[in-house]
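Subject: Structure handover

Dear colleague,

Please find the structure below. My notes on it follow.

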Amino acid sequence: MILVFSFIVGAALAGGAVLVWAGRRQGEGAMREGTLSQITHDLRNPLSAMINQTETVARGLRGPVTESQAKALKAVIRNGNYLMGLINNILDMSKIESGKMTYSPQEVDLRAMADDIVEIARATGAEFKVEVKDPEVPAEVRLWADEQALRRVLSNLVFNALKFTPENGHIRVVWSKSPEGHDQVAVKDTGVGIPADKIHTLFKKFSQVEETKGKARKTAGTGLGLAICKQVVEAHGGRIWVESELGKGSAFCFTLPPKA
């Protein structure tokens, strides 16, 4: 069964590679026409079912699992979730560009959300030998935002930091109040950093910084994650930016205003 699941994920990841290639080749035209949106929508449901079934096997609900099998299953789940992230990014950008993205703001427990995302990220962090520190967020902090959209922003920033932080580095989520009294969230890392003359390109669709590619490890993606973060934050009346120095790490920061 594990070999079957591994084969399925391998095929799915190959599909993901095609999506990345198509996105870079076709750019905005493909997004407007909905081609990538339709492909990713068709992939998401069977992939979600595969991940859920693999998690069931990994928990031993289908029978005993050996240590080596558990390790293989974790790899299947991790890679499946990676592809799901690519799919969700493409779908989100398609909704944003077609004007179909809607938000339902409510009070969001930032500490609970950050704890959840950090716990998930620690599995990848352990593989990369990068420490994901406990969030520096007071328990009483509440943000006014669409919960799922905010989760996507924070998750994108955390996993982006993991991709570009070398072994023995660390990342952390930090909350503070901005001078204007807005909630400010920062994802800080000890990663490879970003050249000053490339920072202005980071939040554009399909943006890739050549100077940082492969510096920490081989990475792949659609180049949509940060662009989606910008769209979501600005739709909530906030702003997003990055503070970075090449070779010394980065801090991706965003603010959200209080409830009007």
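Leaving aside residues up to four places away in sequence, Asp92 touches Met101, Arg152 and Ile228 (contact means heavy atoms within 4.5 Å). This is a predicted model, in which local features need pLDDT of at least 70 and side-chain atom pairs count only at pLDDT 80 or more, while totals for chains, interfaces and linings use all residues. Residues are numbered from 1 along each chain as its sequence is written, and side-chain values use heavy atoms, with hydrogens and water left out.

Asp92 is found in helix α3 (helices are DSSP runs of H or I with at least four residues, strands are runs of E with at least two, and both are numbered from the N terminus). With a relative accessible area of 13%, Asp92 is buried (buried means under 20%, exposed over 50%, partly exposed in between, with a 1.4 Å probe and protein chains only).

Arg78 also has its place in helix α3, but counts as partly exposed at 30% relative accessibility. Arg78 touches Thr124 and Glu127, again not counting residues up to four places away in sequence. Its C-alpha atom is separated by 9.8 Å from that of Ile120, 42 residues apart along the chain.

Helix α3 itself covers residues 67-98, 32 residues in all, and reaches 47 Å from its first C-alpha to its last, close to the expected 46 Å (1.5 Å times one less than the number of residues). Just after α3, Gly99 takes a positive phi of about 75°.

**Helices α5 and α6**

The axes of α5 (residues 147-163) and α6 (residues 225-235) come within 9 Å and cross at roughly 145° (axes are lines fitted to C-alpha atoms, for helices over the stretch in contact, and angles run from 0 to 180 degrees between N-to-C directions). On the α5 side, the contact is made by Ala149, Val153, Asn156, Leu157 and Asn160; α6 contributes Gly225, Leu226, Cys229, Val232 and Val233.

**The sheet**

Five strands form an open sheet with mixed pairing, in the order β2-β4-β5-β7-β6 (two strands pair if DSSP finds at least two bridges between them). Its edge strands are β2 (131-132) and β6 (239-245), each of which pairs on one side only. Strands β5 (residues 183-189) and β7 (residues 249-256) run antiparallel and are joined by six bridges. Gln184 has Thr255 as its bridge partner in β7.

Regards
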